[in-house]
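Work through these exercises with the coordinates open. Each task is followed by a stepwise solution.

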Amino acid sequence: MALPLSSSSIIISSKKLSFNVSISQKPTQKHLFLSAHFAFRLNEARSQVTARPAVRACNSTTSTYAKDLACEHDFPPNLYMSTFGDGTKKLKSLIAMILIFIQISAPVPLSGWDFWYVSPAKAVLYSPDTKVPRTGELALRKAIPANINMKSIQTSLEDISYLLRIPQRKPYGTMEGNVKKALKIAKDEKDSILASLPADLKERGSTLYASLIDGKGGLQALLQCIKDQDPDRVSVGLASSLDTVAELELLQAPGLSFLLPQQYLKYPRLTGRGTVEFTIEKVDGSTFSPEAGGEPKKNAKIQVVIDGFSAPLTAGNFVKLVVDGAYNGAKLSFTDQAVLTDNGLDKNSGYSVPLEIMPSGQFEPLYRTTLSVQDGELPVLPLSVYGAVAMAHSEVSEDFSAPYQFFFYLYDKRNAGLGGLSFDEGQFSVFGYTTAGREILSQIKSGDIIQSAELVEGQDRLILPNEN
């Protein structure tokens, strides 16, 4: 904790060195200091901390005592005073560093500092360590309701992705431990993992399981990359292992893991994943520039994965509109934060579905309720991802989503809270993510149109209201 050190008293004798430190109040600007466990508000602390005078352990002043000691040992007074002063400054710096270290690392509030404590949940908007998925692929993988053993393997592996961000000396020992833990679970719980697969998917699941253990992009290969301490190979191997884990999990989750409320069965619903491909057309004569080079074109494709596991009603309504061709020819508007479709008032729009958000750690969505991110509530499908796809609010009530209008969210951390979360997090029904063509989103201009929207996967998971 960076508090000003006002004074220090030093006792030097042939037997010991001791010091006393007092902390005084000085005007400071309002700051918020956070760690994994604490949030310290200095402006509140100033009104509660009472300054105490320094306790002197000797009657003489420090400077007088230093001169006496210098004379006793026949040192030049000026030289001794300079050396003594430098030592005192270093000591003060050391004390300040110790206090900062204690504030950051202490797992419980220190005695007398309880009034500075703010729970990590309330500080989530400002915490730089908030582990919110930063890519659509990661968010979609976390949202799969799969076997608990597979989720344990996934969590162990995903922790490595955070460890890889550490600059300079990476904790390869910890990474190795994570992979070994994942391997142990995979081997010990093989029967449980394979038993959770539907009968018609067991053969495919067994092949994926073998690949996860000993395949070219499996856990054994990842373990060797870590032992070689090659961060690039570790990153590639980790991505491959996690892709295999996600495939296995999707086989284990053929439908919804919860029952929808009876009053919501009147809406279309998607009981799993779907994929929609958009073709975007320029209307002003300009062209799209592909990220990987190639020839600029008037048309460009964007692929979106729709998640019915976490937002079945919102996803179901959207997919039905796509199947009905409702978005073909829709006009787009570009803002700094989103690419938005028109409101569809002149078209046969869909259902005004209740706001639908599944909180992390829960097994079913909340309806007509936003999340309080400041109180630690985070959605399974976060908005704070570039290319997130969500429904706009209804013009009648924010408790409902618009029946037709949706948007691609152009997340920018420069416009977010210090924890990297959008200020609109937990306020909209997010139902999917752009997985291909993300570079196209920033090139869309107001007036461009959706030439076509096609459901390329997931038709069999769409349940319409008149179906039982």
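**Exercise 1.** How many aromatic pairs does a search of the whole structure find?

Solution. The model is predicted: local features need pLDDT of at least 70, side-chain atom pairs count only at pLDDT 80 or more, and totals for chains, interfaces and linings use all residues. Residues are numbered from 1 along each chain as its sequence is written, and side-chain values use heavy atoms, with hydrogens and water left out.
Step 1: apply the criterion. Rings of Phe, Tyr and Trp (its six-membered ring) pair if their centres lie within 6.5 Å; planes under 30 degrees apart are stacked, over 60 edge-to-face, the rest tilted.
Step 2: read off the count. The search finds 13 aromatic pairs.

**Exercise 2.** Classify the pair of Phe 318 and Phe 406, then locate both rings.

Solution. 
Step 1: take the geometry. The centres are 5.1 Å apart and the planes 80 degrees apart, so the pair is edge-to-face.
Step 2: Phe 318 is in helix H11 and Phe 406 in strand E13, 88 residues apart. Helices (H or I, at least four residues) and strands (E, at least two) are DSSP runs, numbered from the N terminus.
Step 3: check burial (under 20% relative accessible area is buried, over 50% exposed, partly exposed in between; 1.4 Å probe, protein chains only). Phe 318 is buried at 1%. Phe 406 is buried at 0%.

**Exercise 3.** Which residues touch the most other members of the largest nonpolar core?

Solution. 
Step 1: define the core. Buried Ala, Val, Leu, Ile, Met, Phe, Trp, Tyr and Cys residues are joined through side-chain atoms within 4.5 Å.
Step 2: Phe 278 and Phe 318 touch the most other members.
Step 3: find the main contributor. H11 gives the most to this core, with five residues.
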